Amino acid sequence: MASVISTAFTPAAGPAIPAGAVSYTAGIITKVGTATYTANDPGNLTGVVAAVTETGITGDNSATWNPTITVAVPGGKAAGVYSATITHSVV
Amino acid sequence: MLALMLAVVAPAGAATSTASLRAAGKDAGGIGIRLVDAPVVARDDPRARVYIVDHLNPGTTIQRRIEVSNTTGSSQALVLYAAAASITKGSFLGAAAHTPNDLSTWTRVSPGNPDVPAGGKVTAMVTIAVPTDAAPGEQYGVIWAEARSAPKPGGGVVQVSRVGIRLYVSVGPGGAPAANFSIDSLTAERSSTGQPMVVATVHNTGGRALDMNGTLTLSGGPGGLSAGPFPASLGVTLAIGDTEPVSIALDKQLPAGPWDAQITLHSGLVERTTKATITFPKTGVAAAVATNSGRPTWRYLVDAGIVVLLLALTILFLVLRGRRRGREPSNPAMPTRARHAAQRP
């Protein structure tokens, strides 16, 4: 299964944007094989959550997608560069 | 042998990073990991060839080789490590980052930081050393191979991609606890897009976690139709004692029924088959149908008949033995007197 998680977006100084404000859309999933892939599109990347789920897998299959990460920046955040780490896991 | 490939390109904010990632080409490749060694005793178990599935006595150490591959166009510095995992709501989920648990602290991967060349492979050794005072039970973990994008100066998003091999390690003295499960009911459904589905409720009644797969066959349908086998959706992992649904998607062109559904599910070497009569509703979910193991009723009657026959024979034997005792003289002195009586002229 393919899962995703994000850390909070932390600036050089000041309060961070929590990972709960980060949402994930897988977009179009191109596949090779007979399996069906459903984008889970989680709206909250605080904990490990499924990114794309698969059904009907028989034989060799693969899937590729270009996800879009959307960060809802709350009002009142200072301008600057925010850093985060987004982890995709396949197990 | 299973190779897990992860090829994800994430446009992470700045326009420059999007352009550079896409310029890398449509088939950017990825990193992969696979298990090379599996125990000889488990050679028929398909799960043991893909995951590390083992039962270890406290104080034992095992080693398994894994192979990491790089199909990208540049050399990748990978980090190999073990971390915790759990089975929640029918899914095997690796914990975030390097979260430890007992099993991950017993596990070492060497080398831990290989540089895999473009298009190349590196073999690593996983060593699991169970301490002598380890608590019994099954534990879950993952051996991860992680690639990390270079952090940009001043910040930005670091992308981490990792692929892993699951660990299902059961600890305890003696032999492995038996795996077992039951298929309790079948529910016919129709999704919002009109696709018929069958959902099997599966209960893990054994002592090991299970990865479910299997097929569903329909027979005795309208006009004598049969259909299938249809494969069950993969990815359902049942924790010990858990009950979770396993769904099978069917073709929209199937008539609603009624159908005789026969479902066969297995995990590793444990297989169960059960049957039920189902009808697909026009929309939504039909009532769940309890399954039976498929033994015809006459077999039960024959079994009952044999038991009754055995009881009758036992009673008859006891009665006859009692009667024979009744005819024989109860006083041991009597046979001598009868002989004397016979010998008297």
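## Basis of the description

Domain bounds, as used here, come from an automatic or database domain assignment. The model is a predicted one, in which local features need pLDDT of at least 70 and side-chain atom pairs count only at pLDDT 80 or more, while totals for chains, interfaces and linings use all residues. Residues are numbered from 1 along each chain as its sequence is written, and chains are lettered from A and ligands numbered from 1 in the order in which they are written.

## Two domains in chain B

For chain B the assignment gives domain 1 (4-171) and domain 2 (181-290), and the C-alpha centres of these two domains of chain B are 32 Å apart. Eleven residues of domain 1 of chain B are in contact with 13 residues of domain 2 of chain B, contact meaning that the C-beta atoms, placed from the backbone, lie within 7 Å.

On the domain 1 side, two or more residues each are given by helix 2 (46-50), strand 7 (91-94) and strand 12 (156-171) of chain B; helices (H or I, at least four residues) and strands (E, at least two) are DSSP runs, numbered from the N terminus.

## Contact between chains A and B

Between the chains, 33 residues from chain B and 29 residues from chain A take part in the contact. The elements of chain B that give two or more residues to its side are strand 1 (4-6), strand 7 and strand 12, and the largest share, ten residues, comes from strand 12 of chain B.

Strand 12 of chain B also pairs with strand 9 (residues 82-90) of chain A, in the parallel sense and over eight bridges, where pairing requires that DSSP finds at least two bridges between two strands. Within this strand of chain B, Val160(B) is the bridge partner of Thr87(A).

Key:
Two residues are in contact if their C-beta atoms, placed from the backbone, lie within 7 Å.
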